[in-house]
Amino acid sequence: MTSSNQLLAGRRVLITGAARGLGLAFATAVAEAGASVAMADILQDTLHGAVADLQKRGLNVAGFTVDLADPQSIDVCAKASVQWLGGLDGLVNNAAITNSGGKTTEQLAIDMWDKVMDVNVRGTWLMTNACLPALRESGRGSVVNLSSDTPLWGATNLLAYVASKSAVIGMTRSLARELGGDNITVNAVAPGLTLVEATEYVPKERHQTYHDRRAIQRDQLPEDVCGAVIFALSDLSRFYTGQVMAVNGGFVMN
């Protein structure tokens, strides 16, 4: 996605899970819109390559390692990112794991449930907390939490992931009220099934279900979600908070 209007000129943004897939699409679009972007991910080699590619294009990005299952790693990443950026105006909590796919509720292992919750829910919470001092200082802070449309329609055989993304919606609403006094907006973006590496495990039948039941009947691509994220980070959304943007071509109408 190319932005000529520089909606995010001068913005300083941290994006987690930015090495590939949706996160990389967000990092690219946000940087193209004029922001400086700290790209965080656990996949160090993949992250290094993604950062190098964007830097070759003249975009102002840098990479930072983070493990969202490790509270200390989260604090180190947030501190280093804010230091490199010189402050923080926006946080995109994109990093997540899906590993509960294909299991019924009875087949789902407890340790997998805990792992998904530790990364997707606790990690989002702790990264937000770690960034709050800088977001408050910004005076125009924005938090964008990546949820999913799966809890909006009740996807089957994906229970831990669906529950985690439903929790992200609840946290978004609660945090929006807690942080409104600091002029920090908190919104969720809930994509539909998007063609990225992380969805390769999804059965062909579910891809077809999404395709056939969308109002716009085509595959959903990473760039389809970028506009919602840029909007939520920009001055266009300063009075927009606590909301869930379902970006799925009309599969679910929220």
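Predicted model: local features only at pLDDT ≥ 70, side-chain atom pairs only at ≥ 80, totals over all residues.
Let me begin with helix 1, residues 21–32. At 1.5 Å a residue, its twelve residues should span 16 Å, and the end C-alpha atoms lie 17 Å apart, which agrees. The buried set consists of G21, L22, G23, A25, F26, A27, T28, A29, V30, A31 and E32. Just after this helix comes G34, with a positive phi of about 110°.

I turn now to the helix pair. Two packed helices are described by the angle between their axes and the distance between those axes. For helix 3 (residues 71–85) and helix 4 (residues 110–138), the angle is about 35° and the axes are 9 Å apart. The crossing of helix 3 past helix 4 is right-handed. On the helix 3 side, the contact involves P71, I74, D75, C77, A78 and V82; these meet R122, G123, L126, M127, A130, C131 and A134 of helix 4. Sorted by class, this contact comprises ten nonpolar, one polar and two charged residues.

Finally, the two asparagines. N157 is not a glycine, yet has a positive phi of about 55°. N157 sits in the loop that joins helix 5 (150–153) to helix 6 (159–179), and its relative accessibility of 39% makes it partly exposed. N183, also not a glycine, has a positive phi of about 60°. The loop holding N183 runs between helix 6 and strand 6 (185–191). With a relative accessible area of 39%, N183 counts as partly exposed.

Note on methods: Residues numbered from 1 in each chain as written. Heavy atoms only, no water. Helix = DSSP H or I, 4+ residues; strand = E, 2+ residues; numbered from the N terminus. Expected span 1.5 Å × (residues − 1). Buried < 20%, exposed > 50% of the residue type's maximum accessible area, 1.4 Å probe, protein only. Axes fitted to C-alpha atoms, helices over the stretch in contact; angles between N-to-C directions. Left-handed = near helix turned anticlockwise from the far one by under 90°. Contact = heavy atoms within 4.5 Å. Nonpolar A, V, L, I, M, F, W, Y, C, P; charged D, E, K, R; others polar.
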